[in-house]
Amino acid sequence: MSKILANRVKEICSDKGIQLKDLASIMNVKPESLSRTLNGNPQLSSLENIAKALNVGVGKGACV
């Protein structure tokens with residue numbers, strides 16, 4: 001799942017014209033922390049924070 005999540009976040013960032021380092025800045029976290037979150041097993045709260053920063057929703061089955 002983490003690879004799907006990371007790819008989806010990168011796709012949304014690309015669509016919005018922002019880089020992952022910019023997303024990390026918006027979230028007030030270090031880019032390394034965001035990377036670990038995307039490539040690991042993130043908690044729901046982390047996913048919600050990413051979605052909020054990107055102004056998108058988090059839904060059940062969104063990655064299916």
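Modeller: Let's start with angle names: under 35 degrees counts as roughly parallel, over 145 as roughly antiparallel, 65 to 115 as roughly perpendicular, and the rest as oblique. This is a predicted model, where local features need pLDDT of at least 70, side-chain atom pairs count only at pLDDT 80 or more, and totals for chains, interfaces and linings use all residues. Residues are numbered from 1 along each chain as its sequence is written, and side-chain values use heavy atoms, with hydrogens and water left out.

Biologist: What makes helix 2 and helix 4 roughly perpendicular?

Modeller: Helix 2 (residues 20–27) and helix 4 (residues 44–54) pack at about 105 degrees, with axes 10 Å apart. Axes are lines fitted to C-alpha atoms, for helices over the stretch in contact, and angles run from 0 to 180 degrees between N-to-C directions. The value falls in the 65 to 115 range, so the pair counts as roughly perpendicular.

Biologist: Which residues meet there?

Modeller: From helix 2, L23, I26 and M27; from helix 4, N49, I50, A53 and L54. Contact means heavy atoms within 4.5 Å. By class, that's six nonpolar, one polar and no charged residues. Here Ala, Val, Leu, Ile, Met, Phe, Trp, Tyr, Cys and Pro are nonpolar, Asp, Glu, Lys and Arg are charged, and the others, Gly among them, are polar.

Biologist: How do you know how many helices and strands to count?

Modeller: They are DSSP runs numbered from the N terminus: helices are H or I with at least four residues, strands E with at least two. The protein chain has four helices and zero strands, in the order α-α-α-α.

Biologist: What makes up the largest nonpolar core?

Modeller: Such a core is a set of buried Ala, Val, Leu, Ile, Met, Phe, Trp, Tyr and Cys residues joined through side-chain atoms within 4.5 Å. The largest has twelve residues, including V9, L23, L38 and I50. Each of the four helices, helix 3 (31–39) among them, supplies at least two, and helix 1 gives the largest share, five.

Biologist: How do you know where the buried residues of helix 4 sit around its axis?

Modeller: They are L47, I50, A51 and L54. The arc is that of the directions from the helix axis to the C-beta atoms. These residues cover only 95 degrees, so they lie on the same side of helix 4.

How values were computed: Buried < 20%, exposed > 50% of the residue type's maximum accessible area, 1.4 Å probe, protein only.
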